[in-house]
Every structure is written in C-alpha cells, then in structure tokens.
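Subject: Structure handover

Dear colleague,

Here is the structure we spoke about, handed over with its sequence. My notes on it follow below.

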Amino acid sequence: MASVGAIVEYLDQFAPSHFAADWDNVGLLLGDREARCERVITCLTLTPEVAQEAIQANVQLIVTHHPILFRPVQRLTTDTSEGRMLLSLAQTGVAVYSPHTAFDNTAGGINDSLARRLGLVEVVPLRRREGTSQCKIVVFVPDKDLARVSDAMFSAGAGQIGQYSQCSFRVSGTGTFFGSEATQPTAGQKGRREEVSEWRLEVLCPENSREQVIEAMRRAHSYEEPAYDVYPLQPATIGEGRLGRPKESQTLAQLAQTAKQVLKAAHVQIVGDPSRSVERVALACGAGGEFLMDAVRANADVFLTGEVRFHDYLAAQANGLALVLPGHYATERFGIEELAERLHDNFQELQVWPSKSESDPVRWI
C-alpha cells in the first residue's frame, strides 16, 4: 500500500520544486508523509466543496494545482472559511500537496500538454533559465561489485534522468594495475601487473550531490583505490511558458476555434484581426500576463493564455501581438485530469480521480 510520502516523492520527481517560480509555494503543504494512502483527488483549486468531497469519499491526499497557505498566516481558526476548511482536513487526516508552477513548467506538464493539444511543433521554453548543474561520474568496478556500487550511487542521488530513476550505462572491459608492496589488492597480487575483468559504470549526478555519491561509491567498492572520473556537464535548459508553431499555417480565428474545442472552453476572447496569419504561437497556462513581453521579444504572432488584465490588451495591440484567451480554468483543468491518470498509472493500487465537484466559476450569458 502506498504512503503519502511515496506519492509526494513521485510528484517531486515529476515536477521538481526548482522548476517553480521563486514566489510560489509548492510541495506537501499539509499532512503526514507516513500516513497510508488509498484514495487521491486532484483539483485545480481546493475549495470547501472539494474538501467536502474528499472527506466524504475518505480521501487521504488532495493534489491541488493552486496552493493553499499561499501567504503566511498568523492564525488558523474556524473564524474564516479557509480556516474551517483546513482544520476539517487536518482533523480527518487529509494531506494536501500542490505542484503549481513546477507542474506548469516541467517536461510533460501543463504547458507542454497545452502546446500538444493545440498541435504545435518545434516547441521550446518561452522564458529560458538554467536548470540544476549536473556531472557524469564514471567508475570501474569488478563484476561482484557492480550491483552493490550502482545501488549505493542511486541511493545517494545519482541516476535520475527526467521521470526515470536508476539510469546508468555499463560496458565490460579489462583493467590493469601494478600494486606496490604497501598495497593490499582485492583481486590479484601486489608486485606484479594484473589484468582484471571490470565494468565501466556511468551515471548522471546533480552537482550538489557529487561528493555524497562519490563517498557512497567508495564505501560500496571493494578496491582500496577505486578508479573513477568526474565530467562536468552543461546545465540543462528549462523554462516557463512555451513557444512553437502550428503544423500548418492558420488564422487567428482558426487557432481560437481550435483552443475552444480542445480545451472545452465555453467562450474564447481574442485581441487582433481574426484573419491574421499565425506562424509562431507563445503560450502560458493560467494568468500569464507576465509573459506578454516575452512573447513580443520572441516575435510571436499570438500569445495564448487563460486571462490577462485590460492594460495587457492594450500593450499587446501596441506591440502587434494577437491574444487568444480561453479562460484560466480551461487552460489548466485538463492538466489536473491528466495528472490523475498519471498517478493511477504509477500507483495502480490507488483510487485516483479529478474532483467531480469542481467547475469553472465563470459563467457566460
């Protein structure tokens, strides 16, 4: 049976916290990591209705896109609706986790899925930033040490590539050494050159975990002096928002219609000439007004986001940038539904579903 901590660990690997915006509040925000978990609800926003749904369904974990406790609080009482909701969740043992902008930005997250639904190709981050620095550690081990050494390095933080863990490359070969009289070789004898069958084991490692991974390798290795190399790597490029192009040229009106259909939006606003040709599309889910000038600098024809302020309409017009606005809910709710599927695929013993009580609060008349 899965624990809250096991699910949190998976979510942290899928959408690492360093992908989140500096101002955000992501991660496990309420609850006990050690608690068992059989039922999970995903939602866009944790409202009293969603909380009540979770309690009535005996849910142990709510994964909400928008964080709770977003700003520091000085008291948590039943005097406020938020206080009543959080206290009731705490009393019934319901944990709360939020991935928010880490989920927006990660590979396979909401922005990537939004670009895919719109049929965009050659997709890259709209606002780039450098990811965590990594290195490659290469160590030479005898066959009897291979499993022990690799497991130790994995446990110390090596071998993570995207959503895959325990990644390595291994190739067999022959190592040579000549031990002096002061040595105590594990294989062969000192005072003569020995040839030993060995494995070349390669793993990727975050730069900030390098020393602990090397130390773990040394403890697990049977050699007095393990031979190893450390290769620095260029930091991976991550980023916020996305920029791509349609597979075929289309008009602003056609892009808006596609967005309305694939996002199941009740209404889509546009700014710009509906007949305008669209070759480059910038996007950011939710309230993405902060990325408007990034779209301008990227020479995008149109910027698609959930919602912006009135003055952003004017700024877009002034800079020759069209807008497509399907609504905040429409540009993010599908991601929460996909996240429920992802969790079930990775924890098949779990009952996971997107909240049935949640709906777009905006109505069009």
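Thr101 is part of helix α4. The model is a predicted one, and in it Thr101 has a relative accessibility of 7%, which makes it a buried residue. Leaving aside residues up to four places away in sequence, Thr101 is in contact with Phe19, Ala20, Ala21, Trp23, Asp24 and Val26.

Helix α4 (100-105) turns up again around helix α1, as one of the elements that cover the buried residues of α1. Helix α1 runs over residues 4-14, and its buried residues are Val4, Gly5, Ile7, Val8, Tyr10, Leu11 and Phe14. Besides α4, their cover includes the strands β1 (27-30), β2 (39-43), β3 (61-64) and β4 (95-98), together with helix α11.

Arg117 pairs with Glu338, and the closest N and O atoms are 3.0 Å apart. Arg117 sits in helix α5 (residues 110-117) and Glu338 in helix α11 (residues 333-346), so this pair ties together parts of the chain that are 221 residues apart in sequence. How exposed are Arg117 and Glu338? Arg117 is partly exposed, at 28% relative accessibility, and Glu338 is likewise partly exposed, with a relative accessible area of 22%.

Lys144 and Asp145 meet at 3.5 Å, N to O. Asp145 is buried, with a relative accessibility of 0%, whereas Lys144 is exposed at 54%. In the other, Arg210 meets Glu211 at 3.4 Å, N to O. Here Glu211 is exposed, at 53% relative accessibility, and Arg210 is partly exposed, at 28%.

There is also a network of salt bridges, which links Arg127, Glu240, Glu290, Asp294 and Arg297. The salt-bridge count comes to 22. As background, side chains of opposite charge can pair when their charged atoms come close.

Next, a helix pair. Helix α6 covers residues 146-155 and helix α7 residues 210-220; their axes come within 8 Å and cross at roughly 155°. Angles over 145 degrees count as roughly antiparallel, so α6 is roughly antiparallel to α7. The crossing of the two helices is right-handed. On the α6 side the contact is made by Arg148, Val149, Ala152 and Met153, and on the α7 side by Val213, Ala216, Met217 and Ala220. Of these contact residues, seven are nonpolar, one is charged and none is polar.

Some overall figures. The protein has 365 residues, and 45% of them count as buried. It contains 11 helices and 17 strands. Along its principal axes, the C-alpha trace spans about 90 × 55 × 35 Å. How much of the contact set with a separation of 6 or more comes from residues 24 or more positions apart? In this protein that share is 73%. The pair Arg117 and Glu338, described above, links parts 221 residues apart in sequence.

Regards

Conventions: Residues numbered from 1 in each chain as written. Predicted model: local features only at pLDDT ≥ 70, side-chain atom pairs only at ≥ 80, totals over all residues. Heavy atoms only, no water. Salt bridge = Lys/Arg side-chain N within 4 Å of Asp/Glu carboxyl O. Helix = DSSP H or I, 4+ residues; strand = E, 2+ residues; numbered from the N terminus. Buried < 20%, exposed > 50% of the residue type's maximum accessible area, 1.4 Å probe, protein only. Axes fitted to C-alpha atoms, helices over the stretch in contact; angles between N-to-C directions. Parallel < 35°, antiparallel > 145°, perpendicular 65-115°, else oblique. Left-handed = near helix turned anticlockwise from the far one by under 90°. Contact = heavy atoms within 4.5 Å. Nonpolar A, V, L, I, M, F, W, Y, C, P; charged D, E, K, R; others polar.
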